[in-house]
Amino acid sequence: MEEEPKEKNSPKKMHFSGRAIIRNSKGEYLLVRETDEKGWMFPGGAVEKGETVVEGVVREVLEEAGIDVEITKVICVEHLVTSKEKMRYFFYCVPKDEDQSPKAFSDHHSEEAKWMSFGDLMKIESSPLGWRRSNVTSLVKHIESGGELYDVSVVEGVIAGKNCGQTYPLKKK
């Protein structure tokens with residue numbers, strides 16, 4: 001039986017994810033060393049079906065870093081179109097409890113989590129593992145320089161789709 005050709009303008013799937021740039025009262029940033037030698041990154045990841053972006057990021061931070069956070073601001077949102085369409089949210093967060101220690105064990109979510117000063121964070125680029133993504137230092141520099149941050153209410157209602165996990169089909173034009 002012959003397969004029907006796929007429609008040229010068939011809907012793409014939108015993938016939602018978020019990262020938390022967490023800064024404590026000492027000015028340190030919380031980072032995770034990801035599994036499989038992927039390098040250092042801010043905690044976060046895919047938003048699951050039915051979660052808001054805010055809920056997904058809070059869950060991911062707890063899984064990867066072992067810290068409960070409060071999302072206070074939106075730093076930026078990236079819209080990427082490759083073979084998939086992606087929306088990445090970057091949030092400014094603070095720990096709910098300054099005395100809560102980061103996760104001290106390795107699991108399938110991350111190898112380790114730790115607080116780093118701005119200076120130590122800037123040195124990661126030249127370390128053997130380095131950063132997982134290149135935009136990390138620019139996000140921190142934006143925060144350190146007093147760059148504009150946005151109210152969380154602009155994204156509070158964004159919910160991952162009802163079908164296919166963290167995706168939803170986009171409507172045809």
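Predicted model: local features only at pLDDT ≥ 70, side-chain atom pairs only at ≥ 80, totals over all residues.
V69 is buried, with a relative accessible area of 2%. Let's start there.

Where does V69 sit? It lies in strand 5. What does V69 touch, once neighbours within four places in sequence are set aside? The contacts are I22, V58, V61, C93, V94, P95 and K96. Now look at Y92. V69 and Y92 are 23 residues apart in sequence. In space, C-alpha to C-alpha, they are 9.8 Å apart.

Step back to D68. This residue lies in a loop, between helix 1 (53-65) and strand 5 (69-81). Is D68 buried, partly exposed or exposed? D68 has a relative accessible area of 32%, so it counts as partly exposed. V69, at 2%, is buried.

D68 also belongs to a surface feature. Together with D97, E98 and D99, D68 forms a patch of negative charge. Please find those four on the surface in the view above.

Next, S101. We are in another stretch of the chain here: the loop between strand 6 (85-95) and strand 7 (112-116). S101 is exposed, because its relative accessible area is 54% and the cut-off for exposed is over 50%. Which residues does S101 contact beyond its neighbours within four places in sequence? G66 and I67. Then there is A65. S101 and A65 are 36 residues apart in sequence. Their C-alpha atoms are 9.0 Å apart.

To recap. V69 is buried in the model. D68 is partly exposed, and it is part of the negative patch. S101 is exposed, and it is in contact with G66 and I67.

Note on methods
Residues numbered from 1 in each chain as written. Heavy atoms only, no water. Patch = residues over 30% accessible without salt bridge, like charges linked within 9 Å, V, L, I, M, F, W, Y side chains within 5 Å. Areas by Shrake-Rupley, 256 points an atom, 1.4 Å probe, with all protein chains shown as cover. Salt bridge = Lys/Arg side-chain N within 4 Å of Asp/Glu carboxyl O. Lys, Arg positive; Asp, Glu negative; His and termini not counted. Charge placed at Lys NZ, Arg CZ, Asp CG, Glu CD. Helix = DSSP H or I, 4+ residues; strand = E, 2+ residues; numbered from the N terminus. Buried < 20%, exposed > 50% of the residue type's maximum accessible area, 1.4 Å probe, protein only. Contact = heavy atoms within 4.5 Å.
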